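Please read each point alongside the structure shown here.

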Amino acid sequence: GGTICARTENQRRAGGAGWFHANGEERSNTFYAGKKLRERAPDVGDMVDHYFLVHNAPQTRTALAYRLGVTTEALERLRVGWNNELAAYTFPMRDGRGRYVGIQNRFNETDAKRVTKGHRPGVFEPFELNVRGAELVVCEGASDTAAALSVGLEAIGRFSCSGTREETVARIRRHRPNRVLIIEDNDLPGQTGAKQLRDDLDGIARVEIRTPPSGIKDLRDWIKAGASAGDIRKGAA
């Protein structure tokens with residue numbers, strides 16, 4: 001004797017199904033404007049996994065390890081992947097809570113670096129980092145972090161000498177090391193950034209700064225020149 005409609009209202013409610021409209025009653029059409037939903041941005045963690053597991057990622061990691069003078073295992077712990085479309089290595093970055101929030105792309109042809117559009121800079125942190133009550137090394141950049149891991153140091157990396165201070169401090173709070181060694185680059189910006197981070201960590205952990213010897217730019221070059229983990233802990237003569 002009629003129709004139940006879930007959209008067009010009248011005085012005769014038909015429970016949760018809608019409203020009852022008897023046959024022959026006067027109807028009025030209601031038009032509903034469609035709403036275009038904004039496309040969901042890809043999850044950064046999903047992208048990290050995709051690039052890490054892409055079919056040719058193992059070969060590209062091996063090539064990059066040779067070029068940088070680090071171990072393949074260090075790059076694997078940092079979840080370094082490969083973006084075939086960009087022909088670039090992908091270095092994931094975490095926020096203060098440990099979530100992946102950005103990818104830094106290192107282009108194979110030029111070694112230029114660029115953060116994926118819409119992503120945020122963060123901390124380069126290896127998989128399965130466990131430094132509670134122990135020592136944590138803080139480096140500048142992803143390749144220095146890989147170099148530190150390659151000689152047996154447990155390390156995280158800042159995005160730059162002065163950037164991601166809040167994220168770095170938050171990760172150190174989370175991991176609760178007993179001692180933090182900040183390895184500064186051998187230039188004024190690197191030294192300034194290291195001192196700022198040391199001040200940020202006051203009361204959180206015992207902090208010491210290490211500088212490469214004169215004429216050596218950064219931690220990776222220091223290790224390429226033959227420095228061991230013990231040499232880095234001791235500092236330049």
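The points below take up selected helices, strands, loops and side chains in turn.

1. Basis of the note. The structure is a predicted model.

2. Packing of α5 against α6. Helix α5 covers residues 165-175, and its axis lies 10 Å from that of α6, at an angle of about 50 degrees. The two helices are therefore oblique to each other, since an angle under 35 degrees would count as roughly parallel and one of 65 to 115 as roughly perpendicular. The crossing of α5 and α6 is right-handed. On the α5 side the contact involves Arg165, Thr168 and Val169, which meet Gln196, Leu197 and Asp200 of α6. Sorted by class, this contact of α5 with α6 comprises 2 nonpolar, 2 polar and 2 charged residues. As a general point, an α-helix has 3.6 residues a turn, so residues three or four places apart point the same way.

3. Lys195 in α6. Helix α6 runs over residues 188-200 and contains Lys195. What is the relative accessible area of Lys195? The value is 39%, and Lys195 is accordingly partly exposed, because that class lies between the buried limit of 20% and the exposed limit of 50%. Apart from neighbours within four places in sequence, Lys195 is in contact with Glu184 and Ile209. Ser162 is 33 residues from Lys195 along the chain, and the C-alpha atoms of the two are separated by 9.8 Å.

4. Helix α4 and the residue Gly152. Helix α4, residues 142-150, is mostly covered, with 8 of its 9 residues buried. The buried set consists of Ala142, Ser143, Asp144, Thr145, Ala146, Ala147, Ala148 and Leu149. Just after α4, Gly152 adopts a positive phi of about 95 degrees.

5. Ser143 in α4. Ser143 belongs to helix α4 and has a relative accessibility of 14%, so it counts as buried. Residues up to four places away in sequence being set aside, Ser143 touches Leu68, Val70, Arg106 and Arg220. Between Ser143 and Ala57 the sequence separation is 86 residues, and their C-alpha atoms are 17 Å apart in space.

6. Ile103 in β5. Strand β5 spans residues 100-107 and includes Ile103. Is Ile103 buried or exposed? With a relative accessibility of 1%, Ile103 counts as buried, because the class requires a value under 20%. Its contacts, not counting residues up to four places away in sequence, are Val44, Met47, Val48, Tyr51, Thr90, Phe91, Pro92, Met93, Arg114, Val115, Thr116 and His119. The C-alpha atoms of Ile103 and Asp218 are separated by 22 Å, and these two residues are 115 apart along the chain.

7. The aromatic pair. How many aromatic pairs does a search of the whole structure find? The search returns 1 aromatic pair. The pair is formed by Trp82 and Tyr89, with 4.9 Å centre to centre and 65 degrees between the planes, and is edge-to-face. That class follows because planes over 60 degrees apart count as edge-to-face. Both Trp82 and Tyr89 are buried.

8. Arg67 is located in helix α2, residues 57-68. Its relative accessible area is 34%, so Arg67 is partly exposed. Beyond neighbours within four places in sequence, Arg67 is in contact with Tyr89, Asn108 and Asp111.

9. Most residues other than glycine have a negative phi. Ala87 has a positive phi near 55 degrees, although it is a residue other than glycine. Ala87 sits in the loop between β3 (81-83) and β4 (88-94) and is partly exposed, with a relative accessible area of 33%. Arg176, likewise not a glycine, has a positive phi of about 55 degrees. Arg176 is placed in the loop between α5 and β9 (179-183), and at 51% relative accessibility Arg176 counts as exposed. The limit for that class is a value over 50%.

Conventions
Residues numbered from 1 in each chain as written. Predicted model: local features only at pLDDT ≥ 70, side-chain atom pairs only at ≥ 80, totals over all residues. Heavy atoms only, no water. Helix = DSSP H or I, 4+ residues; strand = E, 2+ residues; numbered from the N terminus. Buried < 20%, exposed > 50% of the residue type's maximum accessible area, 1.4 Å probe, protein only. Contact = heavy atoms within 4.5 Å. Axes fitted to C-alpha atoms, helices over the stretch in contact; angles between N-to-C directions. Parallel < 35°, antiparallel > 145°, perpendicular 65-115°, else oblique. Left-handed = near helix turned anticlockwise from the far one by under 90°. Nonpolar A, V, L, I, M, F, W, Y, C, P; charged D, E, K, R; others polar. Phe/Tyr/Trp six-rings, centres within 6.5 Å; stacked < 30°, edge-to-face > 60°.
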